[in-house]
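Q: I would like to go through the aromatic contacts in this structure. Could we begin with the terms?

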Amino acid sequence: MSEVPHFVLYEHAAGYALMKIKEFEDAGLIVQEVDAAHADGYKFSQIVELKAFDPFKNTEAALENCNSISEGLAHPDLTNFLQKELPKKKKHVVLGINDSKLAGSLTEAFPDLKLVFGGVITEILRGTRVHFERLAKDLPHHSLSKAQLSLGHSYSRSKVKFDVHRVDNMVIQSIALLDQLDKDINLFGMRIREWYSYHYPELFRLAPDQYKYSRLAVAILDRNKMAENENLENEILEILDNDAEKTAQIIEAARTSMGMDISDLDLENIKRFAARVASLMEYRQQLHEYIKDRMDHCAPSLSALIGEQVGARLISHAGSLTNLAKYPASTIQILGAEKALFRALKTRSNTPKYGLLFHSSFIGKAGTKNKGRVSRYLANKCSIAARVDCFSETPVSTYGEFLRQQVEDRLEYFTSGTVPKKNIDVMKEAEEAAVEVKEKVIKKKKKAAKKAKRLAEEMATGAAEAEVDEEAPKPKKKKKSKAGDE
């Protein structure tokens, strides 16, 4: 059971409040009385009273204090408030606080002050939160609710905008969509092949690529009416990248095909479905380019080391780039193989050597005996690359390129025995090379910012001129005087 405090610090959205607690002879009585008084505001006000209240100057100050409290830091506003309102002799004063993280920061500011938290302090703060409007009678009650709403919105907005330049959340969504598209495209590709093979079964062997098959199905459609389309040969040539021999084989196979004849209605539905599948494949390629661009901005070193897709999958599996940077290399090595790991621990068999890293080209290049070693070494380099990307002010791909070369040198060492460079020497070289690249990136960003600012000013000027033109009164036309009026 925690000690009975003399004062309790309550952090409200409108400011800091210092609550004075009634003195109790027995520490056990306060718990019973606080529990009994929770439902009754009058009883609770007999135990707890408001000693002092320090309102925040504005919304920005409230947000700044809120961020400090959430991180367990004592803001200067808080220390000044406690210094002013607590007794000058703080040796025997007991202050109750809500968060244990805040205790360390307050202890540095007030070494003689005794801090307690948990137990009865939590119940007192819960009652204070419920009956604060009654305890703070002099404060306008409508402004308290407005302050809570305003601070809540500001705090949430600041958390969302905490890392504006890191677009790892976009990478996570994009790689999930890419994986789903791959599954759907494989399923739809098999469906269109089975469907169109009733009419032209030989095309499956001549065009094994799904994208080309779908486009060829749309172009040929009814093989019995190929002669009616004069541009058919050119269309097939374009689809097959000007492969004249393959084009001739497809046209000849269509003429002598063993497939059955199907109705125009069926062919129209096949055409629509094949066109949709082809458009999905085109969008998949665009999405891959988008992920590549996002990864170059978000995690260039990780992308240069292990590739865009594998790097994006690691970030997605970890939840964010920050989480991935916090993982040790041993965790990154088996990321994605959790089921196999727990099954191995349960059955006391060999644990997995790799998870998502298996899709890296380095694992494929390594020999059977060295796959585990290469996986462990690669996970180590991925951990370094993720931390460099996460905590660099201007992330560049230079470090990833040097780390990639290290992995290739390690593969060479396993095959030929050539001793690679030491890691400290490679990192020094990478740091020297990264200086010039960072300068170029910063210059490019400044130019882009100036261009965006200029465009915004031009748009604002154009909008202002348009408003002036609308507000300007139109000149009235003079009526022509009739000849008879003279």
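A: Buried means under 20% relative accessible area, exposed over 50%, and partly exposed in between, with a 1.4 Å probe and protein chains only. This is a predicted model, in which local features need pLDDT of at least 70, side-chain atom pairs count only at pLDDT 80 or more, and totals for chains, interfaces and linings use all residues. Residues are numbered from 1 along each chain as its sequence is written, and side-chain values use heavy atoms, leaving out hydrogens and water.

Q: Is Phe56 buried or exposed?

A: Phe56 is buried, with a relative accessible area of 16%.

Q: How many aromatic pairs does the structure hold?

A: There are ten. Rings of Phe, Tyr and Trp (its six-membered ring) pair if their centres lie within 6.5 Å; planes under 30 degrees apart count as stacked, over 60 as edge-to-face and the rest as tilted.

Q: Why is the pair of Tyr16 and Phe56 edge-to-face?

A: The ring centres of Tyr16 and Phe56 are 5.3 Å apart and the planes stand at 75°, so this pair is edge-to-face. Tyr16 is buried, with a relative accessible area of 1%.

Q: What about Phe53 and Phe132?

A: Phe53 and Phe132 form a tilted aromatic pair, with 6.2 Å from centre to centre and 50° between the planes. Phe132 is buried at 3% relative accessible area.

Q: Which residues form one aromatic cluster?

A: Tyr10, Phe53 and Phe132 do.

Q: Changing topic, where does the charged end of Arg193 sit?

A: It sits over the ring of Tyr213, 5.5 Å from the ring centre. The criterion is NZ of Lys or CZ of Arg within 6 Å of the ring centre and within 35 degrees of the ring normal.
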